[in-house]
Amino acid sequence: MKALTLALFLGLSATADAQTIKFVTEEYPPYNFSTENGPSGAAVDQVKRIMERLDRPYTIEVLPWARAFMLAETDPAYCVFTTGHDAERDKKFHWVEPLLIDHMIMVRHAGSNIAPQSLEDARRFTIGTQREDFSASYLREHAFPKIDYAASLDSSLKKLIAGRVDLLMTSEKTFQSMRAEGKPVEAALVLEGKLYGIACHRDMPRDVIARMQHELDRLIGNGTQDAIFKQYGLTPNASLQAEK
């Protein structure tokens, strides 16, 4: 009987250990975006490389950001990326980082005369962002009175081009990607650098988090992360090792 109980326990443990990790992200090129062959992007590729090395089942799904973020907050099987790491979010998740280090930037419609000279000056404008996005947290933290929330980056961009918001807050690398695609946007104000990573539910096993972090560190150390950035037309994180 004891042997049977032990075998059953070990079987359940093995099943739990092999539980599928469910990664969720949003449409936010060039980091995460949908293709006919499934999710792709500079961050998606890193997650795939990490999980291939862990050799355990996983899925990646592209969802509206607010829903993706909520799942990682409430369901132990979920992780959300590419997630900005700040004080407000720090203790809500276990973190695997950095998938990238990037500056936040406020952009304007090309040809616009909107030109804030400082963060304080920018507060008089309506700023577009996405619900539960890192930029939304940043704007609230800095007491911006006029924040326009959208479900996706594409929606925010359309509002900017249509003149429904004055500025759009995004990452500098995403801005570079927009410019490369011919989007009519210009830099208006560059803000400080931020860390982005994978945010997993607090009940995700710590040994799994540690293994994921080890594999991300390996991608950074052997140059694979920079090679992925170059593949998507992005500037490598030259200062990554110093900032980590």
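This report describes the nonpolar cores, salt bridges and aromatic contacts of the structure.

The model is predicted, so local features need pLDDT of at least 70 and side-chain atom pairs count only at pLDDT 80 or more, while totals for chains, interfaces and linings use all residues. Residues are numbered from 1 along each chain as its sequence is written, and side-chain values use heavy atoms, with hydrogens and water left out.

**Nonpolar cores**

A nonpolar core is a set of buried Ala, Val, Leu, Ile, Met, Phe, Trp, Tyr and Cys residues joined through side-chain atoms within 4.5 Å. Buried means under 20% relative accessible area, exposed over 50%, and partly exposed in between (1.4 Å probe, protein chains only). The largest such core comprises 57 residues, and F23, F81, M106, I198 and M212 have the most contacts inside it. Another core, of 13 residues, lies apart from it and includes A68, F69, A72 and A77. In soluble globular proteins, nonpolar side chains tend to be buried together.

**Aromatic contacts**

Rings of Phe, Tyr and Trp (its six-membered ring) pair if their centres lie within 6.5 Å; planes under 30 degrees apart count as stacked, over 60 as edge-to-face and the rest as tilted. The structure holds eight aromatic pairs. The F23 and F81 rings have centres 6.3 Å apart and planes at 75 degrees, so this pair is edge-to-face. It links distant parts of the chain, 58 residues apart: F23 belongs to strand β1 (residues 21-25) and F81 to strand β5 (residues 78-84); strands are DSSP runs (E, at least two residues), as are helices (H or I, at least four), numbered from the N terminus. F23 is buried at 1% relative accessibility, and F81 is buried at 0%. Y28 and Y31 form a stacked pair, 6.3 Å centre to centre with 20 degrees between the planes. Ring pairs also link W65, F69, F93 and W95 into a cluster.

**Salt bridges**

A salt bridge is a side-chain nitrogen of Lys or Arg within 4 Å of a carboxyl oxygen of Asp or Glu. By this rule there are ten salt bridges, and the table lists some of them.

| Residues | N to O distance |
|---|---|
| D90 and K91 | 4.0 Å |
| R124 and D121 | 2.7 Å |
| K158 and D154 | 3.3 Å |

R124 is exposed at 51% relative accessibility, whereas D121 is buried at 19%. K158 and D154 both lie in helix α6 (residues 153-161), four residues apart, about one turn of the helix. K158 is exposed at 53%, and D154 is partly exposed at 42%. R53, E215 and R218 are linked in a network of salt bridges.
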